[in-house]
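Welcome, and please open your viewer.

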Amino acid sequence: MLFLSRRLGHALLILLGVTLISYLLLFMLPADPARQIAGRSATPEVVASIRHQLGLDLPFYRQYLHYLFNLLHGNLGRSFIQRSQVSELISSRIGPSLQLMAAGIGCELVIGITLGTLAALRRDGLADKILMALSFIGVSAPQFIAAMLFLYLFAAVLNWFPMGGYGGFSHIALPALTLGILGSGWYSRMLRSSMIDVLHQDFIRTARAKGLSRARVVCRHVLPNAILPLIPMIGIDIGIFLGGLVVVESVFGWPGIGQLAWQAIQQVDIPVIVGVTTVSAVAIVLGNLLADLILPWVDPRIDVKKQQ
């Protein structure tokens, strides 16, 4: 209970810091949301009136305290451009983001665990070097370039998937595969290192001495222990994916939170930007907290009291 209380306290401090930094950076932007709303032909008086109505003429600390007060009451503010509650805009996009999150993490795990297992079993061999090189390329590749390349190859040239949009399996397959290929490198490299360490443990030698087949040793003894370090990574990915992937969602026209954030950035819609940032921070914190709670339950060797 003490561990959970400490983590919740740290989470609140992190969220407070995220909202403060986000609001401060947006406050310092040279762009004027009031001018965006009024239009280029608006008079200075009209722009000043809009700025006053939106509270943008107040000092920073008053704007931020007003935002925190509304946030404590579950109010993320009102969009400058769309004239809708930010919470409603985000809730309308959360479904597609959850679908893409589940599909993307699933692809990451399938690809990453497969490549990591093969690399660990072929340690220092040609297959290991090739797979690790591919993993390094995957984690280093810019999302925008990779997404455009996959879109051109699989949609435009091969015509296996639609160019974009939201709908059935054919629409989610390509963005999920893109996320899986780009993110699987982290999982494969982590699993490879973890498996190499587990393969040298005494209980693995005992299992082999009992005459168990290699496949059974790997599937029943090595993988269940080697996969434990991946659980915190999944928690982080849940937060990142739920917070929205701006590049991937924009390239594939996926109507998730990331696309909403990109549109808000283009329009300098400060309440939406801060709202999406806050939701992203909450998702990442909850994802990490969930991983911390699940890991001791999965592995009894981890003592929560020592982490306090």
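Start by selecting residues 126–140, which form helix α6. This is a predicted model. The 15 residues of α6 span 21 Å from the first C-alpha to the last, close to the 21 Å expected at 1.5 Å a residue.

Next, show the side of α6 that is hidden. Pick D128, L131, M132, S135 and G138, which are buried. These residues sit on the same side of α6, because they cover an arc of only 115° around the axis.

Time to zoom out and select the whole protein. How many helices and strands are there? Colouring by secondary structure shows 14 helices and 0 strands. The C-alpha atoms fill a box of roughly 85 × 55 × 30 Å along the principal axes. Of the 308 residues, 40% count as buried. Among contacts with a separation of 6 or more, 73% join residues 24 or more positions apart.

Finish with the surface and the charges. The protein exposes about 16800 Å², and carbon and sulfur atoms supply 67% of that area. Then mark the 23 positive and 15 negative charges: their mean positions lie 8 Å apart.

Terms used: Residues are numbered from 1 along each chain as its sequence is written. This is a predicted model: local features need pLDDT of at least 70, side-chain atom pairs count only at pLDDT 80 or more; totals for chains, interfaces and linings use all residues. Side-chain values use heavy atoms; hydrogens and water are left out. Helices (H or I, at least four residues) and strands (E, at least two) are DSSP runs, numbered from the N terminus. Buried means under 20% relative accessible area, exposed over 50%, partly exposed in between (1.4 Å probe, protein chains only). Contact means heavy atoms within 4.5 Å. Accessible areas come from the Shrake-Rupley method with a 1.4 Å probe; for residues, only the protein chains shown count as cover. Lys and Arg count as positive and Asp and Glu as negative; His and the chain ends are not counted. The place of a charge is taken as NZ of Lys, CZ of Arg, CG of Asp or CD of Glu. The expected span of a helix is 1.5 Å times one less than its number of residues. The arc is that of the directions from the helix axis to the C-beta atoms.
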